[in-house]
Amino acid sequence: MEQFNGKIIIFSAPSGAGKSTIVRMIMERFDGFGFSVSATTRPSRGQEIDGVHYHFITPEVFKEKIKNGEFLEWEEVYEGRFYGTLKSEVNRVRKHQHVLFDVDVQGGVNIKQHYGDEAISFFIQPPSIRELRRRLILRGTDELFDINRRCEKAAYELQYAPLFDHIILNDDLETAVRLIEKILEKMEIFPQQAE
Ligand code: ADP
Ligand code: 5GP
């Protein structure tokens with residue numbers, strides 16, 4: 001029997017634009033999607049669970065994994081904060097499900113380049129940087145220092161939008177998710193309705 005080979009579905013955006021929320025909604029609504037759990041050196045925040053939201057590892061272990069070639073891609077997304085996609089994770093999920101990625105804009109471009117037509121990339125566009133800041137403050141998971149540096153980086157990250165297959169404005173959340181679902185449907189990446 002032919003081996004199932006899930007599609008690569010990438011979500012990138014400045015922090016606070018709503019990628020995690022959108023990925024969560026897709027996974028709740030439809031079967032057949034798995035999440036690529038990244039490795040990071042940042043500490044866990046709020047309700048995050050090791051191995052579910054991220055693999056939380058030390059900078060030493062992260063460097064070891066770089067050396068061993070375990071990452072498909074990695075970035076120092078913020079100074080001293082490393083994030084990376086593990087090859088093992090992608091291969092594991094892909095055998096049974098389509099793989100959803102929540103990665104920064106540079107990572108998104110790199111993964112798309114690596115997988116070509118097997119991948120579809122979405123840039124989640126916030127209505128404005130002011131709204132981004134408002135969302136990050138309301139999310140209540142980051143110190144003001146982190147919120148400021150995330151917003152400072154956002155203007156630069158927005159320039160990456162044209163490099164993605166689709167730009168999705170996340171003003172009204174439900175509208176954004178419906179649009180993504182329509183695009184995935186068109187590509188026949190779809191889905192059995194969850195029970
Ligand atoms: P990211 O993963 O891109 O950093 P999140 O998904 O964590 O962003 O969203 C940041 C915050 O904004 C969360 O508190 C989320 O509930 C909220 N949010 C997401 N989409 C919208 C939207 N369309 N309108 C208002 N708030 C939103
Ligand atoms: P956060 O600290 O808010 O969870 O994530 C910060 C940024 O790092 C987000 O833009 C998120 O998408 C990105 N990120 C998470 N995992 C990875 C990864 O494996 N690779 C890259 N390049 N970025 C990632």
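This is a predicted model: local features need pLDDT of at least 70, side-chain atom pairs count only at pLDDT 80 or more; totals for chains, interfaces and linings use all residues.

Biologist: What percentage of the area of ligand 1 does the protein bury?

Modeller: Start from the ligand taken alone. In that state ligand 1 exposes 570 Å². The protein then buries 78%.

Biologist: Which element supplies the largest share of the shell around ligand 1?

Modeller: The shell has 13 residues, with Gly16, Ser20, Thr21, Arg139 and Asp171 the closest. Two elements give two or more residues: α1 (19–29) and α5 (129–139). The largest share is three residues, and it comes from α1.

Biologist: How many residues in the shell around ligand 1 are polar?

Modeller: Sort the shell by class. Three residues are nonpolar and four are charged. The polar count is six.

Biologist: Now ligand 2. Which side chain has an N or O atom 2.7 Å from a nitrogen atom of ligand 2?

Modeller: Separate the contacts by ligand atom. An oxygen atom of ligand 2 is 3.2 Å from an N or O atom in the side chain of Arg45. An oxygen atom of ligand 2 also lies 3.2 Å from a backbone N or O atom of Gly84. The nitrogen contact, at 2.7 Å, goes to the side chain of Glu73.

Biologist: What percentage of the area of ligand 2 is buried by the protein?

Modeller: Again, take the ligand alone. Ligand 2 then exposes 510 Å². Of that area, the protein buries 96%.

Biologist: Which element gives the most residues to the shell around ligand 2?

Modeller: This shell has 19 residues, and the closest are Ser38, Arg42, Tyr54, Tyr83 and Arg150. Both β5 (71–78) and β6 (81–86) supply at least two of the shell residues. The top contributor, with four residues, is β5.

Biologist: How many charged residues are in the shell around ligand 2?

Modeller: Go through the classes. Six shell residues are nonpolar and five are polar. The charged ones number eight.

Biologist: Where does ligand 2 sit?

Modeller: Check both ligands against the pockets. Ligand 1 sits in the largest pocket. That pocket has a volume of about 1,200 Å³. Ligand 2 is also placed in the largest pocket.

Biologist: Which element gives the most to the lining of the largest pocket?

Modeller: There are 42 lining residues, and those closest to the centre are Ser20, Thr21, Arg45, Asp102 and Arg139. Elements giving two or more residues are α1, β5, β6, α5 and α6 (144–158). With six residues, the most comes from α1.

Biologist: How many residues of that lining are charged?

Modeller: Set aside the other classes. The lining of the largest pocket has 14 nonpolar and 13 polar residues. Its charged residues number 15.

How values were computed:
Residues are numbered from 1 along each chain as its sequence is written. Chains are lettered from A and ligands numbered from 1 in the order in which they are written. Side-chain values use heavy atoms; hydrogens and water are left out. A residue is near a molecule or strand if one of its heavy atoms lies within 4 Å of it. A polar contact is a pair of N or O atoms within 3.5 Å; within protein, one must be able to donate a hydrogen and the other to accept it, and residues adjacent in sequence count only if both atoms are side-chain atoms. Accessible areas come from the Shrake-Rupley method with a 1.4 Å probe; for residues, only the protein chains shown count as cover. On a 1 Å grid over the protein atoms alone, a cavity is a set of points where a 1.4 Å probe fits but cannot get out, and a pocket is an open set with protein on both sides within 12 Å along at least five of seven lines; lining residues have an atom within 4 Å of a point. A molecule sits in a cavity or pocket if more than half of its atoms lie within 2 Å of its grid points. Ala, Val, Leu, Ile, Met, Phe, Trp, Tyr, Cys and Pro count as nonpolar, Asp, Glu, Lys and Arg as charged, and the others, Gly among them, as polar. Grid points are joined across faces, edges and corners, and a volume is the space filled by probe spheres set on the points.
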